[in-house]
Amino acid sequence: MSQHQVVILLLLVSPFCYGQNIPDLKLRYPGYSELILKELQSYHFSVKNNKPSILQDNYNESIILLKNGIHNNSEQVSYSQLVPLISYDGYTTIKMDGKDKKIPAIEVKESSESSGSVFHSDVKSKKLLFTNLDIGARKIYSYRSEFLDPFLLHRFVFTGTVPVEESVLEITTDNDLEIGYKIFNNQAEDIKFSKTVNRKKTTYTWTRKRGKPVKPEPNSPGLLHIAPHIMVYLKSYKVNNKNIAVLGTVNNLYSYYKNFVSSINKTEDAELLSVTKNIVSNLNTDEEKIKAIFYWVKDNIKYVAFEYGYDGFIPREGGLVNQRKFGDCKDMSSIIATMSGYAGLKDVNLCWIGTRRLPYTYEEISTPAVDDHMIASIVLNGKTIFLDATDGETAFGLPTGFIQGKEALIEVNDSFRIVKVPVVSPEENLIREKLKIHIEGKTIIGDGYLQLSGLSRSNILNSLGDAADNIRFEQIKGLVLKGNNKFKLKEYKEKNIKNRDLPYGIDYNFTLENYLVAAGKETYLSLMLDKPFEKNVIENERESKYDFDILTRYKYQIELLIPNEVQIKSLPIDLDGTNELMDYTIKYTQKDRLVTMDLDIKNKKLTLDKQDFELWNSTIKILKSKYQEALILTNT
């Protein structure tokens with residue numbers, strides 16, 4: 001009997017498999033249609049043929065608690081070139097005549113796993129369909145995988161959106177190997193650890209029982225910022241009594257990365273050289289040249305993502321990327337660096353970086369799991385400029401929004417440096433709008449100009465895409481919508497769509513019906529046709545941090561021309577406040593028959609921690625109160 005079979009046999013006779021009291025489980029996990037009784041992931045580290053051998057056994061057993069759970073009738077077993085599948089099994093267990101009956105799962109045809117962001121992937125899955133499901137039925141599946149590259153171990157997450165009675169990570173190593181690990185998000189300190197050492201092997205076990213499931217919440221920074229999980233890595237192994245380092249330091253990680261880029265772009269590509277010379281021929285400064293190259297790549301190389309074996313790590317030759325006119329983040333970085341070299345630019349380097357969905361720093365964990373993205377960078381006048389061409393709209397000098405605040409590991413010849421990407425200030429992401437409105441009967445007639453800068457500009461243009469005609473009209477209408485659903489956009493004209501260095505603008509005119517409120521001889525009119533952050537109230541029971549895509553400054557000015565037959569009885573009181581999370585000012589002025597409202601609000605912290613929630617909500621409460629205030633008009 002194999003070790004894998006022994007593990008499964010032991011699990012099948014575990015106390016989690018028999019005699020489950022469904023009413024008790026329903027009380028313990030109210031509202032959940034399914035419960036994972038046991039989740040076990042076991043690694044087996046050894047040295048074979050002078051190389052690390054890493055096998056992974058996975059076991060998952062769940063039970064149906066409610067009728068809705070019957071629809072959760074499939075599970076997927078994933079694998080790839082670098083993590084091939086060795087064996088797998090799955091079945092349903094139901095009670096029949098007082099005994100457990102095992103019903104094999106039905107294997108569905110193998111399929112490729114490609115997310116919306118991945119153009120081509122070698123990650124495949126075998127889908128297992130479980131039959132005869134009913135309340136009390138158990139789904140059990142297991143599989144064994146092999147990790148061909150010891151640098152690329154997976155993280156183990158102790159919980160997801162489904163509750164787990166017991167979650168276990170077990171690692172057994174021969175004593176001529178050394179592992180390292182790091183635990184994240186164990187604030188409850190409910191992950192129990194044990195270690196057993198004998199003459200030849202060491203076993204590490206982490207167990208979490210009755211783990212609270214992660215609650216899906218809007219504006220969450222992502223599962224890995226919340227869920228308890230462990231990163232395990234191989235530090236070293238011995239061959240002939242010689243210690244061979246694998247991971248554990250940034251130097252080790254960089255050496256691994258360096259293997260993927262050390263041999264690319266060594267041969268000059270005549271076509272790409274000619275393209276580059278043509279782009280920079282009339283430019284004088286390094287900034288002008290790198291900016292022109294950066295924008296050319298954005299405009300001419302289509303971004304697609306690849307995950308195919310080591311192709312997910314090795315950039316393609318800059319010349320090949322030019323020929324194909326498409327590539328992933330690594331390819332775009334490669335062609336930028338190649339063209340920069342052809343243009344005589346120095347200090348243009350490749351960078352490895354993790355997007356904001358990953359919570360790690362290189363000091364915390366120095367493994368490939370800290371990174372999921374690649375860009376280029378250049379040093380100009382002592383300042384590092386990050387060059388991420390995967391976002392076609394971001395202006396030169398700004399990082400893309402999803403790498404703000406993250407550390408970049410920058411290749412510098414045979415060494416490296418770590419530089420933190422700045423968070424783009426709210427002033428740079430300015431949204432400015434000016435409205436001129438007047439009243440005709442019960443209708444507001446208005447002309448407006450909306451202007452978006454920085455990452456506000458790129459976010460909006462990315463969402464608009466290349467939509468045209470009626471679809472474009474409706475998108476623009478949603479963007480400039482004012483007041484209520486009686487808003488009617490008449491005409492609009494866009495400005496600076498193609499020029500990344502200028503704010504994107506929209507000139508428009510509109511009507512807004514039934515917005516004024518009459519009460520006797522008085523009419524009430526709120527000039528708060530837009531209400532920034534009004535809907536960003538944080539629920540008291542929120543569990544995760546509250547994350548903004550970008551920091552934003554809103555500057556709105558509304559000019560109201562008062563009809564001759566109308567008098568202003570009162571204006572709302574001005575507001576001026578500041579705290580560590582937000583600055584806000586609302587000011588009303590009157591000159592003859594013109595009333596002007598100026599609003600200036602900016603948020604100052606990209607991700608709100610739990611200790612920020614009270615201050616944030618109290619600030620929003622103040623703003624919402626002011627948003628309700630109105631001018632009071634009377635007829636003469």
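Guide: In the protein chain, residues 24 or more positions apart account for 72% of the contacts with a separation of 6 or more. The model is a predicted one.

Visitor: How many helices and strands does the protein chain have, and what does its C-alpha trace span along the principal axes?

Guide: There are 10 helices and 38 strands. The C-alpha trace spans about 95 × 70 × 45 Å. Of the 636 residues, 51% are buried.

Visitor: Why is Glu559 called buried?

Guide: Its relative accessible area is 16%.

Visitor: What makes β22 and β24 edge strands?

Guide: The open sheet has five strands in the order β22-β21-β20-β23-β24, with antiparallel pairing. β22 (383-387) and β24 (415-420) each have a single partner strand, so one side of each has no neighbour in the sheet. From one strand to the next the twist averages 35°.

Visitor: Which helices lie across β20, β21 and β22?

Guide: Helix α5 (residues 286-300) lies across these strands and runs at about 160° to β21, which covers residues 373-380. Helix α7 (residues 329-342) also lies across β20, β21 and β22, but runs at about 25° to β21.

Visitor: What makes the phi of Asn219 worth a remark?

Guide: Most residues other than glycine have a negative phi. Asn219 is not a glycine, and its phi is positive, near 60°. Asn219 lies in the loop between β14 (201-211) and β15 (229-239).

Visitor: Why is Asn219 called partly exposed?

Guide: Asn219 has a relative accessible area of 31%. Partly exposed covers the range between the buried cut-off of 20% and the exposed cut-off of 50%, so Asn219 belongs in that class.

Visitor: Where is Asp592, and why does it count as exposed?

Guide: Asp592 is in the loop between β35 (582-591) and β36 (594-603). Its relative accessibility is 67%. Exposed means over 50%, so the label applies to Asp592. Asp592 also has a positive phi, about 55°, although it is not a glycine.

Visitor: How many cavities of 30 Å³ or more does a search of the whole structure find, and what is the volume of the largest?

Guide: The search finds three. The largest cavity has a volume of about 70 Å³.

Visitor: Which residues line the largest cavity, and how do they divide by class?

Guide: The lining consists of Phe151, Leu152, Leu153, His154, Arg155, Met231, Val232, Tyr233, Leu247, Thr367, Pro368 and Ala369. By class, nine are nonpolar, two polar and one charged. Arg is in the charged class, so Arg155 supplies the charged entry.

Conventions:
Residues numbered from 1 in each chain as written. Predicted model: local features only at pLDDT ≥ 70, side-chain atom pairs only at ≥ 80, totals over all residues. Heavy atoms only, no water. 1 Å grid on protein atoms, 1.4 Å probe; cavity = no way out; pocket = protein on both sides within 12 Å on 5 of 7 lines; lining within 4 Å. Points joined across faces, edges and corners; volume = space filled by probe spheres on them. Buried < 20%, exposed > 50% of the residue type's maximum accessible area, 1.4 Å probe, protein only. Pairing = 2+ DSSP bridges. Helix = DSSP H or I, 4+ residues; strand = E, 2+ residues; numbered from the N terminus. Axes fitted to C-alpha atoms, helices over the stretch in contact; angles between N-to-C directions. Contact = heavy atoms within 4.5 Å.
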